[in-house]
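This report walks through selected features of the fold, beginning with the terms that the description relies on. Please keep the sequence and the structure in view while reading.

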Amino acid sequence: SDDQTKSKKYLQSVWTQIATNFKDYGNKLIFEVLNEPRRKDESNEWDFSSTSDCKPYCDIITSYEHVCINAIRAVQGNEARYIMVPGYAGSGASSTMLKAYTLPEDTAKDKLLLSVHAYSPFNFAMSNPDSTFDSDDEAALTSLFSFLKTNYTDKAIGVVMGEASASNKGNDDERIKWAKDYFAKAKESGIPVVLWDNMVETVDGYEGDNKNEYNGEHHGWLHRKSGKWFFPEIIKAMMDTVGITDYSIPEYVIPTPENIGWDESKAKNVQVTNMGEANWDGAFNKMSKESFVNAKNGSILKISFGTPTNSCEFVDSSWDYRFNSSSAETLVDGNDLYIILSNAEASKWKTTDISIVGGNLNVTAVKFQE
C-alpha cells in the first residue's frame, strides 16, 4: 500500500507535467499512461493462468490509470485527448488476463483506447526454434483477434496493437505469411498495428549457449541511419494487406567502398597532427578545417588504423562538440573506417579544427572525398 501511494503521487505529478507541456498539441498526439505494468521479478511477472489470480493486480493497474487520466483531463487542452491504457503486462494475446482487466473511468466519452502487445503466436514470433508459420499459428491469430473484436472493437472500444513483430530466424518467406495473416486479421478487427523495432536485424540461432534456440529479440526492420528497410518484401506484405498504395520501400544494402561511392583516385590526403595522449588515455589526432572547405552531405572520410576498429569520436578543441562515428552512416573494411558525413557534420568541420580521439587508436592515414 505504501508503494501504491508513492506511485500514484508520482504518476499524478508526471502526467500533469506531460499534459501541460503538450496541451497545445492536436488530437493526433495520443498519450499512453503505462507500459506493460506487471509484478516485476515475480514468478508470474508476464503471465497468469487464472483470471481470478490476475484480477487483484489488474485492479491496481486500473487505479493507477485512473490517477493518470484525472491528471491529464485537469489540464486545459487535454479534455478530449485520446489516451491509451494497457491491462496486465500489456498482453493482448491472453484473454485470461484481459478478462481480469477493467477499463478506468473517464470524463471524456469514447476517448480511451485499449493498448495491447502481441508477439503472436509466441513460439513462432519469439524465443523458440519454431520458424514455420502453419495452420496452428493461423488458428492462434484467429483466436487473438476474435477476442479483441468481440469484446472491444465491436463494442466501440478502440484498440491499438502497440507492439507486434516476428523475430528473424532466417525465415523471411514464413514471416511474409505471418505478416499477411496478422495484418489482415488486425484490419478486419479494426485494430491498427505498430511494428516493434529494436534495430537487431541479424539471425543468431542461439539462446544462451544453445544452438538453434533463438532468443526471440531480433526485431530489426528499419536501418535508422539511412532510412532504408532490411526486409522490404515483408514490409510490402504488411502494406499491401492493409490496402496502402503509392508507397516506396527503399531497401537497405550492406555498404561496401564501391556502393557508397568511394573512389580512391578522387580522395585527398588529410594532414593529421598527433597531439599525444588525451586526458583519458586516448590518442588525439588533429585535422585542420582547411581540409574540409568543400565538405557536404555525402562526403566520405576514410580513416586507416594500424589495427581494426569500428568506432572513434570527433571533438573540437573545447570538447563542446562531440560526434561519435557510431552515430553516422559508416563502413568498416578491414583496418579502414569510412564515415559518410551529414549536412550537420560537414558544416561543423568546415569551420573548426576537429580531432579524432579514442582509446588506443593508431591512425595511419586519413583521406577525404568531397
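## Terms and basis

A residue is called buried under 20% relative accessible area, exposed over 50% and partly exposed in between, with a 1.4 Å probe and protein chains only. The model is a predicted one, in which local features need pLDDT of at least 70 and side-chain atom pairs count only at pLDDT 80 or more, while totals for chains, interfaces and linings use all residues. Residues are numbered from 1 along each chain as its sequence is written, and side-chain values use heavy atoms, with hydrogens and water left out.

Helices (H or I, at least four residues) and strands (E, at least two) are DSSP runs numbered from the N terminus, and two strands pair if DSSP finds at least two bridges between them.

## The parallel sheet

Five strands form an open sheet in the order S1-S2-S3-S4-S5, and their pairing is parallel. Strand S1 (31-32) and strand S5 (193-195) are at the edges with a single partner strand each, so one side of each has no neighbour in the sheet. S1 and S2 run parallel and are joined by two bridges, with phenylalanine 31 standing opposite isoleucine 83 in S2.

Strand S2 (residues 83-91) also pairs with strand S3 (residues 112-117), in the parallel sense and over five bridges. Methionine 84 stands opposite leucine 113 in S3, and serine 91 stands opposite histidine 117 in S3. Nine of the nine residues of S2 are buried, so this strand is largely enclosed by the rest of the structure. Helix H2 (residues 51-73) lies across S1, S2 and S3 and runs at about 160 degrees to S2; such angles run from 0 to 180 degrees between N-to-C directions, and axes are lines fitted to C-alpha atoms, for helices over the stretch in contact.

## Serine 115

Serine 115 lies in strand S3 and is buried, with a relative accessible area of 1%. Counting contact as heavy atoms within 4.5 Å, and leaving aside residues up to four places away in sequence, serine 115 touches Glu32, Met84, Val85, Pro86, Gly87, Gly90 and Val160.

A disulfide is taken as a pair of cysteine sulfur atoms within 2.5 Å, and a search of the whole structure finds zero of them. Cysteine 54 is in no disulfide, its nearest cysteine sulfur being that of cysteine 58, 3.6 Å away. Cysteine 58 is likewise in no disulfide. Cysteine 54 is buried at 0% relative accessibility, and cysteine 58 is buried with a relative accessible area of 0%.

## Packing of H5 and H6

Helix H5 (residues 135-151) packs against helix H6 (residues 172-188) at an angle of about 20 degrees, with the axes 9 Å apart. This makes H5 roughly parallel to H6, on a scale where angles under 35 degrees count as roughly parallel, over 145 as roughly antiparallel, 65 to 115 as roughly perpendicular and the rest as oblique.

On the H5 side the contact is made by Glu138, Leu141, Thr142, Phe145 and Lys149, and on the H6 side by Trp178, Asp181, Tyr182, Lys185, Ala186 and Glu188.

## The antiparallel sheet

Another open sheet of five strands has the order S10-S19-S13-S17-S16, with antiparallel pairing. Its edge strands are S10 (268-269) and S16 (329-333), each of which pairs on one side only. S16 runs antiparallel to strand S17 (residues 336-340), to which five bridges join it, and threonine 330 stands opposite isoleucine 339 in S17.
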